[in-house]
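Please look over the chain shown below before reading the notes. They are meant for a reader who is new to protein structure.

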Amino acid sequence: MKKNLTLPCLFFMFITIYLYYHSKTNDKYLLSMMIFGQFILLFGSIIQNNNLISISHILFTLTVILGVFFFKEKYNIYFIVFTLLSILLTR
């Protein structure tokens, strides 16, 4: 069964762009990496390219792990916690 990742990707992308726009610290660098990975996922999902989807998942995993240790703003930390909880609940 093929998974359609377009809607979840758009949901998280809007949140990430909002956080990027309102970020005032170096969290912007990591948020921009997240947005880049989400664009790769969105494009890969639309054209059904499993290689792009795999690359985006690797980038997502790296940015979430880095976000746990390096995010300073509380809303970005809440976003990471929400993301991790949603991963655990949907797996």
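The model is predicted. The chain holds four helices and zero strands, and from the N terminus its elements run α-α-α-α. The radius of gyration is 13 Å, close to the 12 Å that the globule rule gives for 91 residues, so the chain is as compact as a globular protein of that length.

**Whole chain**

- Taken along the principal axes, the C-alpha atoms fill a box of roughly 40 × 25 × 20 Å.
- Of the 91 residues in the chain, 35% are buried.
- The chain exposes about 6,600 Å², and carbon and sulfur atoms supply 73% of that area.
- Take the contacts between residues at least 6 apart in sequence: 61% of them join residues at least 24 apart.

**Helix H1**

- Helix H1 covers residues 6–22, which is 17 residues. At 1.5 Å a residue the helix should span 24 Å, and its end C-alpha atoms are 24 Å apart, so the two values agree.
- Which residues of H1 are buried? They are Thr6, Cys9, Phe12, Met13, Thr16 and Leu19.
- Seen down the axis of H1, these buried residues fall within an arc of 150 degrees, so they line one face of the helix.
- The face turned away from the buried side carries the exposed residues Leu7, Phe14, Tyr18 and Tyr21.
- The cover over the buried residues of H1 includes helix H2 (27–47) and helix H4 (74–90).

**Thr6, a residue of H1**

- Thr6 is found in helix H1. Thr6 counts as buried because its relative accessible area is 18%, and the cut-off for buried is under 20%.
- Not counting residues up to four places away in sequence, Thr6 touches Leu42, Ser45 and Ile46.

**Nonpolar cores**

- The largest nonpolar core has nine residues: Phe12, Leu19, Leu30, Leu31, Met34, Val64, Phe71, Phe79 and Ile80.
- H1, H2 and H4 are the elements that give two or more residues to this core. H2 gives the largest share, three residues.
- Another core, of five residues, lies apart from the largest one, and includes Cys9, Met13, Leu42 and Ile53.
- Leu31 belongs to the largest core. Leaving aside neighbours within four places in sequence, Leu31 is in contact with Thr16, Leu19, Tyr20, Ser23, Phe71 and Asn76.

Note on methods
Residues numbered from 1 in each chain as written. Predicted model: local features only at pLDDT ≥ 70, side-chain atom pairs only at ≥ 80, totals over all residues. Heavy atoms only, no water. Expected span 1.5 Å × (residues − 1). Buried < 20%, exposed > 50% of the residue type's maximum accessible area, 1.4 Å probe, protein only. Arc of directions from axis to C-beta. Contact = heavy atoms within 4.5 Å. Rg over C-alpha atoms; globule rule 2.2 N^0.38 Å. Areas by Shrake-Rupley, 256 points an atom, 1.4 Å probe, with all protein chains shown as cover. Core = buried A, V, L, I, M, F, W, Y, C linked by side-chain atoms within 4.5 Å.
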